[in-house]
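Here is a friendly walk through the structure for someone meeting it today. Please keep the sequence and the 3D view open as you read.

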Amino acid sequence: MAITAAQVKELREATGAGMMDCKKALTATEGDMDKAVEWLREKGLATAQKKASRIAAEGLCKVLVADDGKKAVVVEVNAETDFVAKNEKFQNYVAQVAEQAMETEAGDIEAFLAEPWKFDTTKTVKEALAGQIAVIGENMNIRRFQQVKQDNGVIVSYTHMGGKIGVLVDIETDVVNDAVKEMGTNVAMQIAAMRPQYTSDKEVSAEYIAHEKEVLMAQIMNDPKESQKPEKVIQGMIQGRINKQLKEICLLDQVYVKAEDGKQSVAKYVEQVAKANGAKITVKGFVRFETGEGIEKRHDDFAAEVAAQAGM
């Protein structure tokens, strides 16, 4: 039977579910409103939609690496509170999301959410998520995932702070042994701690450099003392500051945090391990996920809220 817009609107107002979910429910139940409500409740969609406005900025990053080290994935799944992130049910669910993401061929999160859930193929990933929201009682969100594949080397992972940060390092090497893997773990720890934006300065665009030079020039021109220096000196100052920035944002140029002399770069550390193991090693890239990164978290001020309600 044909489902009308008025029916969809009525069901949406009654349950708080999305329009497309309401239409699916009505179609599945042949327009029976009560059965449609139950259909949505069974799938957790009614509950999920009501919680959808809550900010989910906590959660976990989960990494998964294939036994042969040739394929890996990192996912971020958010919840509202750190308390839930430490809940075993939530952690088990995130592990399942990682397994799904390890096998997916989806190119983005929308396609990922639309594919069948491998642990119950009668549901989509989105529907399974809605069911978890109903069980756990907080808004949740599968925010992102990224796969890494390697044909000539190994992928090493690292998880920091119980899943607050997840890192994958893509290493091309002709020797894969415990020493090389340990090096990969050390580099992953560096990435977790020092937040590099690029693997090497070769990845930094000319546009980025030009923009930074403009900013630095403006800073110098606004300084009464520095602005009076000769042009050649100013240009040297700008280049020096650019070089310093690159050492901070490029992984291989960073000072290796475990360096005994406090000076050795990550690139030199990798070289040292390669030489000691008779290997050719290249750090091709990395992925770093941090839970809630870029999400504006809610900061509740309960004292102010109570005072406002009391008219104080």
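Is Met161 buried or exposed? Point 1 has the reply, and the other points move outward from there.

1. **Met161.** Met161 is exposed, because its relative accessible area is 58%; exposed means over 50% relative accessible area, buried under 20%, and partly exposed in between, with a 1.4 Å probe and protein chains only. You will find Met161 in the loop between S6 and S7. Its phi is positive, about 55 degrees, although Met161 is not a glycine. Most residues other than glycine have a negative phi.

2. **What you are looking at.** This is a predicted model, in which local features need pLDDT of at least 70 and side-chain atom pairs count only at pLDDT 80 or more, while totals for chains, interfaces and linings use all residues. Residues are numbered from 1 along each chain as its sequence is written, and side-chain values use heavy atoms, leaving out hydrogens and water.

3. **Overall build.** The protein has 13 helices and 8 strands; these are DSSP runs numbered from the N terminus, with helices (H or I) of at least four residues and strands (E) of at least two. Its radius of gyration is 26 Å, well over the 20 Å that the globule rule gives for 312 residues, so the protein is more spread out than a compact globule. The radius is taken over C-alpha atoms, and the rule is 2.2 Å times the number of residues to the power 0.38. Along the principal axes, the C-alpha trace spans about 80 × 55 × 40 Å.

4. Of the 312 residues, 44% count as buried. Contact means heavy atoms within 4.5 Å; among contacts between residues at least 6 apart in sequence, 62% join residues at least 24 apart.

5. **Helix H9.** Helix H9 covers residues 178-194, and its 17 residues should span 24 Å at 1.5 Å a residue; the end C-alpha atoms are 24 Å apart, which agrees. The expected span is 1.5 Å times one less than the number of residues. Buried residues of H9 include Val180, Met183, Val187 and Ile191. What covers the buried residues of H9 includes strands S6 (153-160), S7 (165-173) and S8 (281-290), along with helix H12 (266-276).

6. **Arg195.** In the loop between H9 and helix H10 (206-221) sits Arg195. Its phi is positive, near 50 degrees, in a residue other than glycine. Arg195 counts as partly exposed because its relative accessibility is 47%.

7. **Gln264.** Now look at the loop between helix H11 (231-249) and H12, where Gln264 lies. Gln264 is buried, with a relative accessible area of 18%. Leaving aside neighbours within four places in sequence, Gln264 is in contact with Gln254, Val255, Tyr256, Ala259, Tyr269 and Gln272.

8. **The start of the chain.** Met1 lies in the segment before helix H1 (5-15) and counts as exposed, at 69% relative accessibility. Leaving aside neighbours within four places in sequence, Met1 is in contact with Glu30 and Gly31. From Met1 to Leu26 is 25 residues in sequence and 9.6 Å in space, C-alpha to C-alpha.

9. **Gly18.** The loop between H1 and helix H2 (19-28) holds Gly18, which counts as buried at 15% relative accessibility. Gly18 and Asp82 are 64 residues apart along the chain, and their C-alpha atoms are separated by 27 Å.
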